[in-house]
Amino acid sequence: TVVYSSSNNIVDGRLDTGNSDLWAVPYNNHGGGAAQALPGVNSTMTNQYYPTFSPGDTFLSFNRVPRGQQMYDAAPAEIWIAPGKGGTPTRLAANDPPACTGKKSPGLTNSWARWSPSARTANGRHYYWVVFSSKRRAAGNPQLYLGAVVTKDGPAGEELDKDYPAIYIPTQTANQNNHTPAWDVFKLVLG
């Protein structure tokens, strides 16, 4: 399945101020098929955009902002997840910085989530990592954060069990922007 953002306002190849919903097209062995709105995920009150599948396409992360607002580099953006085939979305706890910072989300430009390339499984639980950018640090520039999502086996497959607050990735240069995270498996040849 290919999931994409369908918007009524695109500028220079990016989402702008307007409306956006998530749509899905079956891969169908290169044959494609009819596009359909992703069930349960879209809302008439919010824009949904920047979708990314988890390993195995089990879940989908995406951004949400109130309907009709700017979407690109948007301060009110937050990270949500939903089952990969659609369903009720969940706002991630990773959107919220520690209370001691005095900062609250929305308002931190939590955006561009990417899943780790694989999930670990143990005792009926599946452990995922999600990396994303946020402007929650004092300088206000985008930096990368890492949150955890744990699922469990249920009658209809994997279901969300718990998600956790994010941690700051400390190897970043504090005054540089890290706005679009990527995560892949790299194999190094030694010797």
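Begin by selecting D73, which is partly exposed at a relative accessible area of 31% (buried means under 20%, exposed over 50%, and partly exposed in between, with a 1.4 Å probe and protein chains only). This is a predicted model, in which local features need pLDDT of at least 70, side-chain atom pairs count only at pLDDT 80 or more, and totals for chains, interfaces and linings use all residues. Residues are numbered from 1 along each chain as its sequence is written, and side-chain values use heavy atoms, leaving out hydrogens and water.

Next, select K135, which forms a salt bridge with D73, the closest N and O atoms being 3.1 Å apart (a side-chain nitrogen of Lys or Arg within 4 Å of a carboxyl oxygen of Asp or Glu). K135 lies in the loop between β12 (125-134) and β13 (143-154), and D73 in the loop between β7 and β8, 62 residues apart. Strands are DSSP runs (E, at least two residues), numbered from the N terminus.

Now select R125 and D161, whose side chains meet in a salt bridge (2.9 Å, N to O). R125 belongs to strand β12 and D161 to strand β14 (residues 157-163).

Move on to D21 and R67, a salt bridge with its closest N and O atoms 3.2 Å apart. D21 lies in strand β4 and R67 in the loop between β7 (59-66) and β8 (78-83), so the pair ties together parts 46 residues apart in sequence. D21 is buried at 18% relative accessibility, whereas R67 is partly exposed at 26%.

Finally, display β1, β4 and β5, which form an open sheet in the order β1-β4-β5 with antiparallel pairing (two strands pair if DSSP finds at least two bridges between them).

Methods
Helices (H or I, at least four residues) and strands (E, at least two) are DSSP runs, numbered from the N terminus.
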